[in-house]
Amino acid sequence: MTQKRFLEAIIVGSGFGGAVMCCRLATRWPGKVLLLERGKRYPKGSFARSPHDFANNLWADAEPGQPRKLNGLFDIRNYHRMDAVVSAGLGGGSLIYANVFMPAPAWVFGARWPAQINLSTLAPYYRMAQGVLGARPVPPAQGDARRTIQRTGLYADFAQADGGTSRAADICVFFGKGYANRQSGPLPIGEQERNRFGAVQTSCTYCGECNVGCNVHAKNTLDLNYLYAAEKQHSALVETGSEVTCITPLNEAGDTDSTADGRHGYRVDYRDDAGTARHALARRVVVSAGTLGTNELLLRCRDALGTLPRLSQRLGQGFSGNGDFLSFVTGGERDADPNYGPVITQYIDYGLQQPQPGQPAFMLEDAAYPAFAAWYVEGLRPAASPGYVFSRIARTLKIFKQRWVDQLFSGKWSGSVVAYANAVLQGDVSYRSSVLLFMGQDAADGTLSLKRGRLALDWPQTTSRPLYDAMVACGERFKQFTRATSHIPQPTWAWPVRNNITVHPLGGCALAEKPAQGVVCSLPGVRGQAFGYHGLYVADGSILPTGVGANPSATITALAEWIAEDITGLAPDDTLGVPHA
């Protein structure tokens, strides 16, 4: 239903930027802030697991006026030399990310960032965000076999052999309220309690399913903290299944007027999953639709619809894939057990914190994937390796031979089925394989634009090739260390495709001091506000002027806190205004 009243703010999107803005602005204006999210809510136990459900777990654009056919969690984009995977759902990318909270290295802010923003500036906002998101390392095993994660030790040994150091990563995973607050040890695995904001969560079950949605709510996703407090404590209005199609400024008479500068507010048009057109009016608008969604919406408003013609010509410039690169090392001699534990537990720094002149700066993180995917991997082996088939046949024949010998000479039948099952299932390649997640600072020189009404990306890959080549070389060294049978850089990297894949798209609406340098302002009093407009803000990964090399969610959250404080005039605290938090 179309909102009739004039709101204080409309937030477009519910990822790390949008969730912060919704909570902080709703604290300032309770009941007068509306958040519009294109995806749906994901209650506990609602994430897809079966093949049938996964087939429908994708996002697809709907034709104007038509019902949406696919409104799943994963939005997969294919562009020129770069593919991207982003999320649609209440909580945005937090629903599928790998939980790592890592501030950007200090040196990253030295080039192309405005003078107002550096590590010292953002330090209190990083601390604030870390407290809200409950980011801490995986609890030490201390003799508890259920908390032992084999791949963490494997990567630590590789780091030592490769001249580096493995460090435990702070991850936004729930191990109990007391552990998050540093007041007690972890809650036993699988037990539940309310977090500090009142949402019920489960102490991590180590299932490795973080990237496909946590069905037990052990991830500290945004719907369990910032958004939860916004709705429950500060009466924020949240509409899911609502995709914003246009933003138009209003004139003094309250009519839409593309020549207006926003000082009288905005009309936001959106449509629901049934294709029904709606709109809402607000004094200010915060665009937080994620890097791809935000650039597409603003480019459409400026270049196709003509409703925001004042937007900077720098819009769409400076895209970064954050140096994301994925590799697989299969069939190593050491057990890796990549199906157990949170998706990421540690990282190895290759010059990211202190770069060496002329050397690519990146890091390597370990990775887990769900156990149900391991069955799929094992199912592919017969087709991929005829030798594997013969080895299993030989092993089976050996078992049956021993079974008949035991029967003829001793009458022994017991254990034959157990022995057969053990022989068939042991030695699985997935257990001795590793997933390598790389991130680094790429050239951040991509360009986003509209072509035939849709977002397009031109990614000049060659300027970042030294970084990717260094990552591939590191993967080869990992293969040699584990004495693995193969090292497979991400499948799309094979010639002639040569596409990168990013799960951390950044840039296009860079923070800057002047419109000639970026799209949104970094100066006090107008932080995050789009040049040329009053009350139109951007707060998500698109405002980063460069990649950060580290997982960017911490920096996006900190910047959103920094912008929200400027808008509201309220000093933030990590209780989110929830009593007894």
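Arg-267 is partly exposed, with a relative accessible area of 26%; the term partly exposed covers values between buried, under 20%, and exposed, over 50%, for a 1.4 Å probe with protein chains only. By salt bridge I mean a side-chain nitrogen of Lys or Arg within 4 Å of a carboxyl oxygen of Asp or Glu. Side chains of opposite charge can pair when their charged atoms come close.

Before I continue, a word on the source. This is a predicted model, in which local features need pLDDT of at least 70 and side-chain atom pairs count only at pLDDT 80 or more, while totals for chains, interfaces and linings use all residues. Residues are numbered from 1 along each chain as its sequence is written, and side-chain values use heavy atoms, with hydrogens and water left out.

Let us turn to a second pair. How far apart are the closest N and O atoms of Arg-465 and Asp-469? They are 3.4 Å apart, and the two residues form a salt bridge. Both belong to helix α11 (residues 465-482), where a spacing of four residues places them about one helical turn from each other. Helices here are DSSP runs of H or I with at least four residues, strands are runs of E with at least two, and the numbering starts from the N terminus. Arg-465 is partly exposed at 26% relative accessible area, and Asp-469 is also partly exposed, at 39%.

Is Arg-527 buried or exposed? Arg-527 counts as buried, at 16% relative accessibility, whereas Asp-566 is partly exposed at 23%.

Salt bridges can also join into networks. One such network links Arg-38, Asp-75, Arg-77, Glu-296 and Arg-300. Across the whole structure, the search finds 26 salt bridges.

Finally, the protein as a whole. It has 12 helices and 24 strands, and of its 581 residues, 54% count as buried. Among contacts (heavy atoms within 4.5 Å) between residues at least 6 apart in sequence, 74% join residues at least 24 apart.
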